[in-house]
Amino acid sequence: QVQLVESGGGLVQPGGSLRLSCAASGSIFSIYSMGWYRQAPGKQRDLVAQTTTGGSPDYADSVKGRFTISRDYAKNTVYLQMNSLKPEDTAVYYCNAYLQSTYGNQHYWGQGTQVTVSS
């Protein structure tokens with residue numbers, strides 16, 4: 001079974017930083033893309049950042065210049081470095097991967113990790 005396990009969420013003051021990690025494991029042949037989504041209370045789940053293998057990253061306008069997505073290909077891991085955090089960044093952050101495994105080509109989701117930006 002393929003699993004995505006997230007870590008790194010927590011409580012931080014405005015202007016602070018957090019680094020989220022998401023590691024994929026299982027019978028994975030190839031990862032086509034990995035990304036981060038977030039969902040605030042009462043709102044839909046929106047794309048924060050994503051990156052395709054061999055391509056350039058994409059960011060939501062609200063996080064450009066503050067967040068950076070990166071990957072460790074050897075570890076099947078994606079990171080989200082979040083700087084200059086604002087209260088409006090408060091949400092549950094979900095990792096997503098589109099990959100090839102023994103089950104074919106499928107999307108997978110992490111369990112979600114809470115990020116709270118507050119004084």
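Three salt bridges turn up here, a salt bridge being a side-chain nitrogen of Lys or Arg within 4 Å of a carboxyl oxygen of Asp or Glu. Arg38, Arg66 and Asp89 are linked in a network of them. Keep in mind that this is a predicted model, where local features need pLDDT of at least 70, side-chain atom pairs count only at pLDDT 80 or more, and totals for chains, interfaces and linings use all residues. Residues are numbered from 1 along each chain as its sequence is written, and side-chain values use heavy atoms, with hydrogens and water left out.

**Salt bridges**

- Side chains of opposite charge can pair when their charged atoms come close.
- Arg38 and Asp89 meet through their side chains at 3.0 Å, N to O.
- Arg38 sits in strand β4 (residues 28-39) and Asp89 in the loop between β8 and β9, so this pair ties together parts that are 51 residues apart in sequence. (Strands are DSSP runs of E with at least two residues, helices are runs of H or I with at least four, and both are numbered from the N terminus.)
- Arg66 also bridges to Asp89, with the closest N and O atoms 2.8 Å apart.
- Since Arg66 is in the loop between β6 (58-59) and β7, and Asp89 in the loop between β8 and β9, the pair ties together parts that are 23 residues apart in sequence.
- Arg38 and Asp89 are both buried, and Arg66 is buried too. (Buried means under 20% relative accessible area, exposed over 50%, and partly exposed in between, using a 1.4 Å probe and protein chains only.)
- Asp61 and Lys64 make another salt bridge, at 3.2 Å, N to O.
- Asp61 is exposed, with a relative accessible area of 65%.

**The sheet**

- Four strands form an open sheet in the order β1-β3-β8-β7, with antiparallel pairing. (Two strands pair if DSSP finds at least two bridges between them.)
- At the edges you'll find β1 (3-7) and β7, each pairing on one side only.
- β7 and β8 run antiparallel and are joined by six bridges.

**Positive phi angles**

- Asn76 isn't a glycine, yet its phi is positive, near 50°.
- Look for Asn76 in the loop between β7 (67-72) and β8 (77-82), where it is partly exposed at 25% relative accessible area.
- Ser84 has a positive phi of about 50° as well, and it is not a glycine either.
- Ser84 lies in the loop between β8 and β9 (91-101), and it is partly exposed at 39% relative accessibility.
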